[in-house]
Amino acid sequence: MPFVQAGDVRVHYIEAGAGDPLLLLHGNWATSSWWEPLLARLPEGLRGIAPDMRGRGRTEGPDTDYSIPSLAADALALLDALGLERVHLLGHSLGAGVAIQLALEHPERARSLVALAPPWVDGMPLLLYNPARQVMLKENRALFAAAIKAQAPSVEDGEYWQRLVDEGHGQSLAATLGAHDSTRDWRPGDSLRAIPCPKLVISGEHDLLLSPEVCERAAQALGARHVTVPGVGHSANVEAPDRLATIVWQHVAQG
């Protein structure tokens with residue numbers, strides 16, 4: 001299990017393959033383990049690197065700023081620590097926002113960008129802002145397990161899924177609330193069109209959290225192609241890894 005010091009964070013990450021680097025950034029209430037199915041399907045010539053973000057998984061560091069720009073700064077520090085100059089970026093949910101922010105602030109570091117179920121690019125609607133529910137999810141594992149299963153309805157409820165639930169529930173409350181606040185406040189909007197690399201937005205047909213309409217708005221802001229994966233919810237990376245891999249590898253080949 002590799003670790004590397006990146007700024008004030010000792011980052012745990014998993015990796016597979018060899019070749020051009022692909023940075024995979026997980027969502028809120030998640031860890032790098034959500035990328036295991038895709039890492040197992042890496043094509044020849046790609047090196048996949050999936051870190052646990054600050055406050056999550058085995059990564060160690062202070063509870064400081066959990067905003068999307070700060071998490072993007074963490075990702076940049078990781079790239080520098082690993083000596084990676086230009087990478088393909090793939091993010092899921094919160095991680096998609098982090099990947100987008102990194103590409104926006106440092107376009108010279110991004111070879112391509114894939115945003116899987118990205119958050120609202122004009123800010124989370126205030127009707128959905130509910131930090132008290134986030135606290136309840138942290139305090140009640142059974143409630144959390146039911147809520148996260150609704151985001152990946154087609155995943156088999158086996159040993160792997162229970163590990164994802166345990167790891168996700170273990171994230172710090174500060175990380176949870178910080179991410180919730182940041183998705184409300186993050187509003188890059190149409191400035192995203194300035195990102196010059198090849199861009200792709202992917203959504204799930206039955207996503208209850210970030211609907212295809214939310215993802216279509218992200219695609220419009222980015223000037224990106226938008227693909228909807230049929231029959232899946234919020235988490236195609238664990239629900240339909242074969243189909244997702246086909247879409248992502250075709251896009252990455254353009255970068």
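Analyst: Helix α2 (residues 68-81) lies across β1, β2 (9-17), β3 (19-25), β4 (45-51) and β5 (87-92), and runs at about 115 degrees to β1. Here contact means heavy atoms within 4.5 Å, angles run from 0 to 180 degrees between N-to-C directions, and axes are lines fitted to C-alpha atoms, for helices over the stretch in contact. Helices (H or I, at least four residues) and strands (E, at least two) are DSSP runs numbered from the N terminus. The model is predicted, so local features need pLDDT of at least 70 and side-chain atom pairs count only at pLDDT 80 or more, while totals for chains, interfaces and linings use all residues. Residues are numbered from 1 along each chain as its sequence is written, and side-chain values use heavy atoms, with hydrogens and water left out.

The sheet itself is open and has eight strands, in the order β1-β2-β4-β3-β5-β6-β7-β8, with mixed pairing; two strands pair if DSSP finds at least two bridges between them. At the edges stand β1 (3-6) and β8, each with a single partner strand, so one side of each has no neighbour in the sheet. On average, neighbouring strands are turned by 25 degrees against each other, direction ignored.

Within strand β2 is Glu-15, which counts as partly exposed because its relative accessibility is 35% (buried is under 20%, exposed over 50% and partly exposed in between, with a 1.4 Å probe and protein chains only). Leaving aside residues up to four places away in sequence, Glu-15 touches Pro-2, Arg-47, Gly-48 and Ile-49. The C-alpha atoms of Glu-15 and Ala-50 are 6.2 Å apart, although 35 residues separate the two in sequence.

Helix α8 (residues 212-222) has Pro-212, Val-214, Cys-215, Ala-218, Ala-219, Ala-221 and Leu-222 buried. Among the elements covering these buried residues of α8 are α3 (94-105), β6 (110-116), β7 (199-204) and β8 (225-229). Gly-223 follows α8 and has a positive phi, near 70 degrees.

On a 1 Å grid over the protein atoms alone, a cavity is a set of points where a 1.4 Å probe fits but cannot get out, a pocket is an open set with protein on both sides within 12 Å along at least five of seven lines, and lining residues have an atom within 4 Å of a point. Grid points are joined across faces, edges and corners, and a volume is the space filled by probe spheres set on the points.

By this rule there is one cavity of 30 Å³ or more. The largest cavity has a volume of about 110 Å³, and of its 13 lining residues, Val-11, Asp-52, Met-53, Asp-74 and Ala-75 are the closest to its centre. Helix α2 contributes the largest share of this lining, four residues, and β2 and α2 each supply at least two.

The largest pocket has a volume of about 680 Å³. Its lining has 27 residues, with Asn-28, Trp-29, Gln-134, Gln-151 and Leu-209 nearest the centre. At least two lining residues come from each of α4 (131-139), α5 (141-151) and α7 (173-185), and the largest share, four residues, comes from α5.
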